[in-house]
Amino acid sequence: MIFPLGMAAVVLITGNHYVLDIAGSAVLLIVSIAVVSAWDHLAERRRARN
């Protein structure tokens, strides 16, 4: 969790990128966490059936 916050700080401090880059990265992070959670949930259901 520290890495994304650090990257956001660097992007804003250096001014090399736009704020929308941070918003897009946040969306990507949330989607990635949701996919991993769903994958884990499906794997757990498969283990419970066996």
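This is a predicted model: local features need pLDDT of at least 70, side-chain atom pairs count only at pLDDT 80 or more; totals for chains, interfaces and linings use all residues.
**View 1. The salt bridge between the side chains of Arg 47 and Glu 44.** The count of salt bridges comes to 1, and in the contact shown here the side chains of Arg 47 and Glu 44 meet with a distance of 2.9 Å from N to O. Both Arg 47 and Glu 44 belong to helix H2, where they are 3 residues apart, a spacing of about one turn of the helix. Arg 47 has a relative accessible area of 51% and is therefore exposed, since the cut-off for that class is over 50%. Glu 44, with 45% relative accessibility, counts as partly exposed.

**View 2. The largest pocket and the residues that line it.** The space in the largest pocket amounts to about 290 Å³. Its lining is made up of Met 1, Phe 3, Pro 4, Leu 5, Met 7, Ala 8, Val 11, Asp 21, Ile 22, Ser 25, Ala 26 and Leu 29. The elements that contribute two or more residues to this lining are helix H1, which runs over residues 2–14, and helix H2.

**View 3. The lining of the largest pocket by element and by residue class.** Helix H1 gives the most to the lining of the largest pocket, with 6 residues. Sorted by class, the lining of the largest pocket holds 10 nonpolar residues, together with 1 polar and 1 charged residue.

Conventions: Residues are numbered from 1 along each chain as its sequence is written. Side-chain values use heavy atoms; hydrogens and water are left out. A salt bridge is a side-chain nitrogen of Lys or Arg within 4 Å of a carboxyl oxygen of Asp or Glu. Helices (H or I, at least four residues) and strands (E, at least two) are DSSP runs, numbered from the N terminus. Buried means under 20% relative accessible area, exposed over 50%, partly exposed in between (1.4 Å probe, protein chains only). On a 1 Å grid over the protein atoms alone, a cavity is a set of points where a 1.4 Å probe fits but cannot get out, and a pocket is an open set with protein on both sides within 12 Å along at least five of seven lines; lining residues have an atom within 4 Å of a point. Grid points are joined across faces, edges and corners, and a volume is the space filled by probe spheres set on the points. Ala, Val, Leu, Ile, Met, Phe, Trp, Tyr, Cys and Pro count as nonpolar, Asp, Glu, Lys and Arg as charged, and the others, Gly among them, as polar.
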